[in-house]
Amino acid sequence: MIKALILAGGSGNELRPLSIHTPKPMLPVGNLPLLLYQIERIKKAAITEFILSISYPPRTIHSVMQEGDLFGILLRYHVERSPLGTAGAFRRAKNLIDDTTVILNGDVLAEFPLQKMLEAHQSRGAMVTIGTCRVSNPQAYGTVEINQQGLVKRFSERPRGSKVKTNRINAGVYIVERQVLQMIPRQETCFFETDLFPQLLQAGQPVLAYDIGQNWREITRPASYLQSNMDLLDSRITPPSFPAYPHKHHPPSHPQVSVDDSSLVGENCVIKPGVRIVHSVIGANCRIEEDAFIRNSVLWPGCRVQESSVISGSVLGKGCQIGEGAYLRSGNILGDKSLITDFSRV
Ligand code: GDD
């Protein structure tokens with residue numbers, strides 16, 4: 001049976017402070033955990049067994065996802081005592097792997113035609129198929145050079161200068177045959193990108209590149225996290241629809257509250273008269289006092305925003321408190337329970 005492995009065991013340091021108390025799979029995008037987007041995309045290809053590979057306790061994720069039944073899947077947690085690398089994590093899961101495996105980088109938020117990619121993988125008899133897309137800044141990724149048959153010729157991880165030969169990059173979506181498990185070097189840490197894939201090419205194994213299209217992004221820093229939420233509000237990303245975890249807007253009913261059509265408000269929020277919310281995501285249980293103005297921002301659950309404050313282009317972690325008349329200009333990323341005092345300008 002084809003299973004999916006989601007790799008989410010990286011340090012997540014670049015996402016700090018957001019990732020300090022919230023593991024990456026649980027980062028809310030439009031008030032729903034990132035992991036649900038990934039599961040929904042993969043489930044479309046009739047894959048219902050998932051392995052989540054992490055290197056920290058699964059407690060927070062498990063409290064929401066449990067064994068996956070609520071989402072119509074079986075979800076297993078694989079916890080590494082110390083990170084084993086992306087291919088090392090696959091090797092670690094070998095007892096659960098009995099067939100082809102779909103592997104997804106846990107920071108990828110994309111629309112990808114997995115069923116078609118699986119068909120191409122099978123019909124071309126590939127050992128590995130790598131989802132690729134085009135970007136304007138390939139040097140930040142792993143580039144993938146292909147031949148006329150669409151087979152991979154060369155990988156370059158974060159190439160520089162003249163080594164950038166293409167803007168086609170590894171999108172972090174793979175289909176991998178079970179035999180690959182035997183080819184993973186038995187070193188302490190091992191990565192697909194820098195260890196295994198180059199080794200497969202050297203051994204002459206067929207590694208296929210499959211263009212998954214351009215609706216692709218990864219959430220690696222607070223700025224890309226904020227942008228992903230903005231993309232969702234602009235309908236560039238489709239929210240997952242699981243009855244157990246509905247994607248729902250709870251617009252405030254008070255006539256003197258203005259929430260534009262693109263914004264999303266979570267449940268049990270208290271929003272007072274004179275508040276304006278533009279193109280923003282407001283998490284559950286937030287309280288926003290009179291005349292506050294929030295635009296292009298994401299507030300996690302339980303934030304409290306006092307009167308007449310302005311929040312622009314910012315992310316507020318859980319339970320932040322913003323004082324009266326405070327002004328947060330674009331680019332503020334506040335960790336959970338941050339406190340901004342009255343009339344501060346940050
Ligand atoms: N289980 C586990 N163990 N997961 C890991 C480990 C590990 O030791 N190391 C990294 N991961 C997970 C991360 O949590 C992340 O979700 C994913 O693997 C990718 O790792 P990153 O370290 O974030 O890689 P990257 O984003 O810089 O680059 C990778 O992704 C790009 C596209 O998203 C590479 O695969 C590039 O080639 C690629 O272009």
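This report walks through the domains, pockets, cores and a few backbone details of the structure above.

## Ground rules

The model is predicted, so local features are described where pLDDT is at least 70 and side-chain atom pairs only at pLDDT 80 or more, while totals for chains, interfaces and linings use all residues. Residues are numbered from 1 along each chain as its sequence is written, and side-chain values use heavy atoms, with hydrogens and water left out.

## Two domains

Let's start with the overall layout. The protein chain is divided into domain 1 (3-225) and domain 2 (258-340), with bounds that come from an automatic or database domain assignment. Their C-alpha centres lie 33 Å apart. Even so, 10 residues of domain 1 are in contact with 14 residues of domain 2, where contact means heavy atoms within 4.5 Å.

## The largest pocket

A pocket here is an open set of points on a 1 Å grid over the protein atoms alone, where a 1.4 Å probe fits and protein lies on both sides within 12 Å along at least five of seven lines; lining residues have an atom within 4 Å of a point. Volume is the space filled by probe spheres set on the points, with grid points joined across faces, edges and corners.

The largest pocket has a volume of about 1,300 Å³. Its lining holds 49 residues, and G10, K24, D107, E218 and T220 lie nearest the centre. Helix 7 (222-233) is among the elements that supply at least two residues, and helix 7 gives the largest share, four residues. Helices (H or I, at least four residues) and strands (E, at least two) are DSSP runs, numbered from the N terminus. By class, the lining has 14 nonpolar, 23 polar and 12 charged residues; Ala, Val, Leu, Ile, Met, Phe, Trp, Tyr, Cys and Pro count as nonpolar, Asp, Glu, Lys and Arg as charged, and the others, Gly among them, as polar.

## A pocket between the domains

The second largest pocket holds about 570 Å³ of space. This pocket lies between domain 1 and domain 2, because both give residues to its lining. Of its 25 lining residues, N31, L32, Y245, A284 and P301 lie nearest the centre. Helix 2 gives the most, with three residues. The lining of this second pocket divides into 12 nonpolar, 10 polar and three charged residues.

## Buried interior

A nonpolar core is a set of buried Ala, Val, Leu, Ile, Met, Phe, Trp, Tyr and Cys residues joined through side-chain atoms within 4.5 Å. Buried means under 20% relative accessible area, exposed over 50%, and partly exposed in between, with a 1.4 Å probe and protein chains only. The largest core has 42 residues, of which I42, I47, L52, M65, L114, I212 and W216 touch the most other members. L114 touches I42, A45, I47, V102 and I175, leaving aside residues up to four places away in sequence. Another core, of 28 residues, lies apart from it and includes V144, V176, V180 and I184.

Helix 1 (residues 34-43) is mostly covered, with nine of its 10 residues buried; I42 is one of these.

## Backbone details

Most residues other than glycine have a negative phi, and most peptide bonds are trans. Here, a cis peptide bond joins R16 and P17, with omega about 10°. P17 sits in the loop between strand 1 (3-7) and strand 2 (28-29).

S308 has a positive phi, near 60°, and is partly exposed at 38% relative accessibility. K337 also has a phi near 60°, and K337 is exposed at 71%.
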